[in-house]
Amino acid sequence: MKRKHLVLAGLGLSILGVAGRAAFGFVPTTHAVETASLGTPTGSAAMEAILDEPGPVTVESVTGADWAVTRAGLVDLNDPKARAAHLTDGDEPIVIQFHALHHPTRGLWLVDTGVERALRDAPAKSAFGGTLVARAMHFEKLKVKTDTASWLAARGETPAGVLLTHLHLDHVSGMRDVPASTPVFVGPGEARSRTTLNFFVRSPTDAALAGKGPLRELVFGRDPDGTFDGVLDLFGDRTVFAIWVPGHTAGSVAYVARTPDGPVLMTGDACHTAFGWKNDVPPGTFSEDKARGRESLDRLEKLVARHPKTSVRLGH
């Protein structure tokens with residue numbers, strides 16, 4: 001697989017009727033969506049005023065699986081810094097992960113979902129088993145380390161919510177292991193954004209979300225300080241903030257939590273790799289809007305430069 005998007009788009013040419021409809025694009029899921037009541041719009045200045053103060057939230061990042069995907073999707077190989085580093089396309093090792101946030105009064109929250117147990121024990125019965133997209137994305141290269149069901153069982157606590165950074169398959173791949181009663185939150189327009197690629201990923205995404213309640217779409221106000229597209233005080237107590245970072249997808253969201261050891265920033269796929277973060281090189285072909293993705297990455301980089309004690313947890 002040289003480029004995930006190109007391979008999947010190529011598959012579509014063999015499906016009768018897709019070409020005509022693709023001009024209008026497809027939504028990533030047909031799952032129901034409703035407006036979320038979670039979160040209070042705030043400004044980046046208000047967030048940053050308290051960001052460096054120790055907070056009560058703990059963050060555990062859990063590796064669900066090792067995988068490998070095309071480097072061209074993860075890093076913009078046309079960026080001058082990527083060229084200077086002589087980066088070329090090829091398999092790039094990555095991890096699929098989730099972040100467990102524990103709030104003293106709001107309980108356990110997951111940022112993304114890791115991988116479902118079936119991907120280890122019975123891949124054909126997983127949400128992605130036997131699909132064209134699973135073969136195109138080489139899910140056979142995925143090696144499960146910690147499935148989400150086992151992690152939750154060991155923890156003995158039902159998540160109070162799932163905060164999806166976005167709806168790509170490797171971020172909803174543990175959703176079947178999450179209790180059906182757990183509310184699931186997405187960013188603005190994430191479930192309604194239309195692309196040609198969504199024709200291929202919609203079915204397995206729907207399968208991953210089956211049985212869950214409606215996706216709850218976070219509502220961001222305009223950042224009065226103009227630093228980000230929008231910022232939410234997630235629980236209304238200035239402990240966890242959601243930051244709208246469009247580009248990789250329309251509704252991509254990063255999260256930052258105040259912990260006893262300082263801020264922890266979970267970028268989602270606003271940045272996939274350590275090379276991209278260290279060199280300010282945005283993601284490549286996996287992103288829907290590379291120009292906006294560059295803006296969002298720049299803004300996150302500058303946020304961390306202003307708050308250098310921040311622990312950065314990248315998308316992969």
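Let's start with the rings. By the pairing rule, the count comes to eight aromatic pairs. The rule is this: rings of Phe, Tyr and Trp (its six-membered ring) pair if their centres lie within 6.5 Å, and planes under 30 degrees apart count as stacked, over 60 as edge-to-face and the rest as tilted.

Before I go on, a word on the model. It is predicted, so local features need pLDDT of at least 70 and side-chain atom pairs count only at pLDDT 80 or more, while totals for chains, interfaces and linings use all residues. Residues are numbered from 1 along each chain as its sequence is written, and side-chain values use heavy atoms, with hydrogens and water left out.

Back to the rings. One of the eight pairs is Phe 98 with Trp 151, and the pair is edge-to-face. The centres are 5.2 Å apart, with 80 degrees between the planes. This pair links distant parts of the chain. Phe 98 sits in strand E4 (residues 91-103), and Trp 151 sits in helix H8 (residues 148-155). They are 53 residues apart. Those labels come from DSSP runs: helices are H or I with at least four residues, strands are E with at least two, and numbering starts at the N terminus. Are Phe 98 and Trp 151 buried or exposed? Both are buried. Buried means under 20% relative accessible area, exposed means over 50%, and partly exposed lies in between (1.4 Å probe, protein chains only).

Next pair: Phe 220 and Trp 244. This one is tilted, at 6.0 Å centre to centre and 35 degrees between the planes. Phe 220 is in the loop between strand E9 (215-217) and strand E10 (231-233), while Trp 244 is in strand E11 (residues 240-244). Again, distant parts of the chain are linked, 24 residues apart. Phe 220 has a relative accessible area of 13%, so it counts as buried. One more ring item: Phe 26, Phe 199 and Phe 200 are linked into a cluster by ring pairs.

Now the strands. Look at E12, residues 253-259. Seven of its seven residues are buried. Val 253, Tyr 255, Ala 257 and Thr 259 point one way, and Ala 254, Val 256 and Arg 258 point the other way. What are its partners? E11 pairs with E12 in the antiparallel sense, over five bridges. Two strands pair if DSSP finds at least two bridges between them. In that pairing, Ile 243 stands opposite Ala 254. E12 is also joined to strand E13 (residues 262-268) by five bridges, again antiparallel. There, Arg 258 has Pro 263 as its bridge partner. E12 and E13 form a hairpin, with two residues between them.

On to Ser 44, in helix H3 (residues 44-50). Its relative accessible area is 1%, so Ser 44 is buried. Its side chain makes a polar contact of 3.0 Å with that of Thr 227. A polar contact is a pair of N or O atoms within 3.5 Å; within protein, one must be able to donate a hydrogen and the other to accept it, and residues adjacent in sequence count only if both atoms are side-chain atoms.

Last, the backbone. Most residues other than glycine have a negative phi. Arg 238 has a positive one, near 65 degrees. Arg 238 lies in the loop between E10 and E11, and is partly exposed at 43%. Asp 280 also has a positive phi, near 55 degrees. Its place is the loop between helix H11 (274-279) and helix H12 (290-306). Asp 280 has 23% relative accessibility, so it is partly exposed.
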